[in-house]
Amino acid sequence: MTTIAAKLQQVRARIATACRQAGRNVEDVTLLAVSKTFGPQAVRAAADAGQLDFGENYLQEGVDKIAALADLRGRLRWHCIGPIQSNKTRLVAEHFDWAHSVERLKIAERLSAQRPADRPPLNVCLQVNIDGGPTKSGVAPAEALALARAVAALPRLRLRGLMTIPEPAPDFEAARAVHASARALFDQMNAAGLGLDTLSMGMSDDLEAAIAAGSTLVRVGSAIFGARPPKT
Ligand SMILES: *Cc1c(COP(=O)(O)O)cnc(C)c1O
């Protein structure tokens, strides 16, 4: 077994244990393998081990990887999880299946307008700045419902849910409390009729806390692929 296959198995076991402890079905939590900075052969090894969803942060790197793995295109689902500048929306609209990091209506409008007619609507999550973290990425929780209504009305997007990247928490309970506030917002938006099915939260270090709080998709990089080289 490759190292990546073995690590994938460990991550799946962590997800299964967290689901069992939370009284949740393991099928209700999707594993997104975050392959940023790793090459196409790492993705291929994970795909050979049954992994179907992959997340990329850096758009050109992601597009190059998708092209290098064109033979797997029909099987894999590619998720953009990094910041989307308005001059990069076309890359996302043309090459990805999902965008998790939409935080402004203008970006959503461009994605909808640029989504090719022969592709299904682009799946979208709104990034929410759930803890008011200093990175300041994401829409403020109080503005999320209005943005969601506007995004849901765009013809070539399918609004699926919310995504959060909270600041690292000091312990499990603190991590769970932040994730629980995201889950509460998600539930509130569904009570308002939005029909969301995806709450994208939890990474290598906090996936158990995220699952305990009601995450439906965890984005895991280093626990599968190993430590990333420092950014150059
Ligand atoms: C890098 C990244 C991840 C994965 O982080 P790990 O700690 O390596 O699991 C998840 N989500 C986003 C948005 C990221 O940029």
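Predicted model: local features only at pLDDT ≥ 70, side-chain atom pairs only at ≥ 80, totals over all residues.
**Notebook: around the ligand**

I sorted the shell around the ligand and got five nonpolar, four polar and three charged residues. For that sorting, Ala, Val, Leu, Ile, Met, Phe, Trp, Tyr, Cys and Pro count as nonpolar, Asp, Glu, Lys and Arg as charged, and the others, Gly among them, as polar.

Numbering runs from 1 along each chain as its sequence is written, and side-chain values use heavy atoms, with hydrogens and water left out.

N57 has one 2.7 Å from a ligand oxygen, and R228 has one 2.8 Å from a ligand oxygen. R219 puts one 2.9 Å from a ligand nitrogen. Alone, the ligand exposes 380 Å², and the protein buries 90% of that (Shrake-Rupley method, 1.4 Å probe).

Then I checked the rings, and found two aromatic pairs (centres within 6.5 Å; planes under 30 degrees apart are stacked, over 60 edge-to-face, the rest tilted). F38 and F225 have ring centres 5.5 Å apart and planes at 25°, so they are stacked. These two sit 187 residues apart in the chain.

Technical notes: Polar contact = N/O pair within 3.5 Å; in protein donor to acceptor, adjacent residues only side chain to side chain. Phe/Tyr/Trp six-rings, centres within 6.5 Å; stacked < 30°, edge-to-face > 60°. Helix = DSSP H or I, 4+ residues; strand = E, 2+ residues; numbered from the N terminus.
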